[in-house]
Amino acid sequence: VRECGRFGVNVLGSTQSALALGFAKKGGTGKFDGVHWELHDDRPRLPGAPGWLACEVTSLVDGGDHVVALGTVVAAGTLDGRPLTYHGRVFGTHAHLEESA
């Protein structure tokens, strides 16, 4: 990201929790071994991910033990599918809220 000045953001789908757990593990770049991806707008895109953003780096912010990349979205795409969410140490997905009277 520092060298090329761009990055991609993949929004995982509700059926991709195993992939999310793999990415959450410690292990540096090794956690990407065996993960299939394709280049889209010159950025990595995970097949089946229902949301995707191509970004150009606008700034890199020190976040203590990591760096936060902020960017401008230059391309976006969606596929049918529900997004994967994580809350209260449990994976889930988006659900429509009932209208209140």
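Here are a few exercises on this predicted model, each with a worked solution.

Residues are numbered from 1 along each chain as its sequence is written. Local features need pLDDT of at least 70 and side-chain atom pairs count only at pLDDT 80 or more, while totals for chains, interfaces and linings use all residues, and side-chain values use heavy atoms, with hydrogens and water left out.

**Exercise 1. Follow the pairing through β4: which strands pair with β4, and in what sense?**

Step 1. Strands here are DSSP runs (E, at least two residues; helices are H or I, at least four), numbered from the N terminus. Two of them pair if DSSP finds at least two bridges between them.

Step 2. Take β1 (residues 6-11) and β4 (residues 51-62): they are antiparallel, with six bridges. Arg6 has Glu56 of β4 as its bridge partner.

Step 3. Now go to β5 (residues 67-78), which is also antiparallel to β4, over 11 bridges. Glu56 turns up again here, standing opposite Thr72 in β5.

Step 4. Check the turn: the β4 and β5 hairpin has four residues between the strands, and Gly64 takes a positive phi near 85 degrees.

**Exercise 2. Find the bridge partner of Tyr86 in β7.**

Step 1. β6 (residues 84-87) and β7 (residues 90-93) run antiparallel, joined by four bridges.

Step 2. Within that pair, Tyr86 is partnered by Phe91.

Step 3. Two residues sit between the strands of this hairpin, where Gly88 has a positive phi near 60 degrees.

**Exercise 3. Pick out the largest nonpolar core: which six residues make it up?**

Step 1. Such a core is a set of buried Ala, Val, Leu, Ile, Met, Phe, Trp, Tyr and Cys residues joined through side-chain atoms within 4.5 Å. Buried means under 20% relative accessible area, exposed over 50%, and partly exposed in between (1.4 Å probe, protein chains only).

Step 2. The members are Leu12, Ala20, Val35, Leu46, Ala49 and Leu84.

Step 3. Look around Ala49: leaving out residues up to four places away in sequence, Ala49 touches Asn10, Val11, Gln16 and Leu79 (contact: heavy atoms within 4.5 Å).

**Exercise 4. Work out which element gives the most to the lining of the largest pocket.**

Step 1. On a 1 Å grid over the protein atoms alone, a pocket is an open set of points where a 1.4 Å probe fits, with protein on both sides within 12 Å along at least five of seven lines; lining residues have an atom within 4 Å of a point.

Step 2. The lining has 19 residues, with Phe7, Gly8, Asn10, Phe32 and Pro44 nearest the centre.

Step 3. Elements giving two or more residues are β1, α1 (17-24) and β3 (43-45). β1 gives the most, with five residues.
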